[in-house]
Every structure is written in C-alpha cells, then in structure tokens.
Amino acid sequence: MELDVLIVGAGLAGGSLACALAGSPLRVGMLEARPPRRADGWDARVYAVSPTNVDFLTRIRAWQHLDPSRINRVEAMQVFGDRGGALNFSAYDAGLDALAWILEASPLAVELWETLRRQPNLSLLCPARPNALDVDDDAATVTLDDGRRIRARLVVAADGADSWVRGAAGLPVHTTPYGELGVVANFKCEGAHHDTAFQWFREDGILAWLPLPENRISIVWSTPEAHARELLSLAPDEFCTRVAAAGGNRLGKLELVTPPAGFPLRLMQVPRVVAPRVALIGDAAHAIHPLSGHGINLGFQDARVLADLLNGLPAHRDCGELTTLRRYARARNEEVRLMQGVTHALNRLFRPRNPLLAALRNGGMQVTNRLPVVRSALVRYAAGLI
C-alpha cells in the first residue's frame, strides 16, 4: 500500500491528527491494534480539555457530536498549599466562558474513531500491528506482523509513551520516574461542586477533584507508591472516607461510582521528536506530571500544529521531508519544555517537608492570589490563550 501519511496509534492525539487531515489531498492511513470502545458506565479516566483545544476539536467536527450531558465545564478552581497557602481562579474574572471542560476519555476516542471511519481520504488498518520499520531517501516502509508492507512518505508515531515507532526510529528518550502512582476514581457527591475544580498540595501528594455532571467528581491523587498501594487496597467505604477527608469534607459524603485504579507517573523527555520520515506526537513525544492537567492538551496541540503544517504544503512538496518536520519540532519545543519544567518544578517544590521551604511556597501562593493581573495571566496561559 502506498500512502502519504501513516499514523500509528488511534488514540486521542493520533485520531485528532487524522481528522484534521480530512480535507487535504493527502492519502492517510491509520494503523491500530484494536478499535477504542466506550467504557461501561462512567470512565475513570477523564481529561481537562482547554478552551483552545475545544476550538480545535470543534474545527475537526468531533466536539459537537459528543453527548453534552457527559461534559462539565470548570468555572472556577481553588488550589490549596500544604501550610495555608491558597489560589483562586475564576473563568469570569479572566474573561473566559470556562477554564476547561471535563470529559471522559473513551467517548471522545470512540467519536474520533467513528469520524475516521467516514473519512474518504483515510484507510483504516485495524486490527494490525507493526513489526519492522525501514527508512530510505523517499519513504518509510512499515511491515506489519501479518507480512503486509505499508510505504508512506511520513510515519507519525501516536502510539503512546512506550512508542514502538519511536524505538524503531532510534529516537532516544530520557525517563525520570516519580516513584508515584496517579490514583483515579469517580464519585457521587453529597454536596454540590458548583462547577469548581479543587486541588490540594498535601504532604502525601497532590489531590485533584474535577467536576463531572450530575454532581459527580473525578479524582486524581498523585501520591508515593506505598501510599497509593494502601489507598487501592481499602474497602470502598473506607476509600471514600479517606478521599473526602483529604479534601476537608468539602463536598460532604462521597459515594464510589467507579473502582479506583492506579498508574505510574514519570517525566519523559524526548530530545528529538522528528527523524527522517518520522514525527512523534502526544505521549510518544512527551509525558508530564498530571498536576497541571495539560498532558492531553499538549497532544492535541501537537496534532493541530502538524496538521496545519501538512495542510499548508504546496502540492509538489514532500510531506516527509526533514526540513518540513523540523518546522513542526521547532513550533512545539517551547510549550512542551515549559510545561514539563513547570510541572516537574512544582512537584519537587511541594515534596520536601522542610518548614522553611513550606513557608516560601505557601507565601508565594498567597502573594500571587492578591495580584489579580498575575492570577488572570496564569489562568489565560493555562487555557492556551496567551
């Protein structure tokens, strides 16, 4: 099979890139081991999608097909330090409709997949797994485990943090384990969350409560592995009590909706996100601490920038030329490095129990909270607007 662009991985980053190429003359292929499926009940894995990326998903005709009853806007956010520091963010004060929108991962993945199935310039290769990658001057050839060979001018790695394509292309990766798990679960709340997200920087980690429809919340508790294992071993009622108490019982009694799960946290830096005939996007290109909620937003922006670049090429230009791919790498370098640096620094800042450092970090939060201009700028940057 001859293609212009072969995308390996039909997750959110890969799926959104393929959809963004729908109007182009490029011949696009999507390689995926198995199609996404909708979770039974509520999906414990949720994302905070920024306003900029809602615009992107609307542009590729995915957002408007999602069930609005499963999406909740964030109108305010309250952040608490471990020694009395606090920050309060408001969409209204920053001139925004919302700080973010909270939605489950699986309905969005399924919607993108259904859009791809109707895309005239796209060939779906599923189920299929890559087995070998060979690159020459004119194209890259991916050999599948069933012996089929796909030749493409550009191969895009959207196959996750443990990317097969990245390894096959010889692109190095530097990984820093945090020694933490992200514990996730959904709850029904006794009290109303009023479309507010909460985050606590605690001695035992960072706890975030994200508002969901019907007075539900989703949590991410980034905590040392031993504490995470303890939380995951608790009986459901005891786990609910522990999570409610960690948030100061702010929303009253919690009732478990989805069983808790944990996933390891790591900082993953990829010095080079392009190689001859290969480009990385999404988790294949970077991984950050979840305290900022920016992981999926970085992936969507990878897809948008690469799609805009490919869509804007003259017909005679080779979409896999290294000079073209380096333009993509330069365009994404600053934001990715900044978010990795900020989230890593915040994680390190709040981990030590040194009382002098605690006074410094909490005092800094209080000062920032008293400066509306600075606070508004932080909100608008987090929303991807500056």
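Predicted model: local features only at pLDDT ≥ 70, side-chain atom pairs only at ≥ 80, totals over all residues.
The protein exposes about 16,900 Å², with carbon and sulfur atoms supplying 52% of that area (Shrake-Rupley method, 1.4 Å probe; for residues, only the protein chains shown count as cover). Residues are numbered from 1 along each chain as its sequence is written, and side-chain values use heavy atoms, leaving out hydrogens and water.

Of the 386 residues, 53% are buried (under 20% relative accessible area, with exposed over 50% and partly exposed in between; 1.4 Å probe, protein chains only). The tally of secondary structure is 10 helices and 19 strands (DSSP runs numbered from the N terminus: helices are H or I, at least four residues, and strands are E, at least two). As for contacts (heavy atoms within 4.5 Å), 73% of those between residues at least 6 apart in sequence join residues at least 24 apart.

Now to strand β10, residues 140–144, where five of five residues are buried. A140, V142 and L144 point one way from the strand, and T141 and T143 point the other. On one side of the pairing story (two strands pair if DSSP finds at least two bridges between them) is β9, residues 130–135, which runs antiparallel to β10 and is joined to it by five bridges.

Four residues separate β10 and β11 in their hairpin, and G147 in the turn has a positive phi of about 95°.
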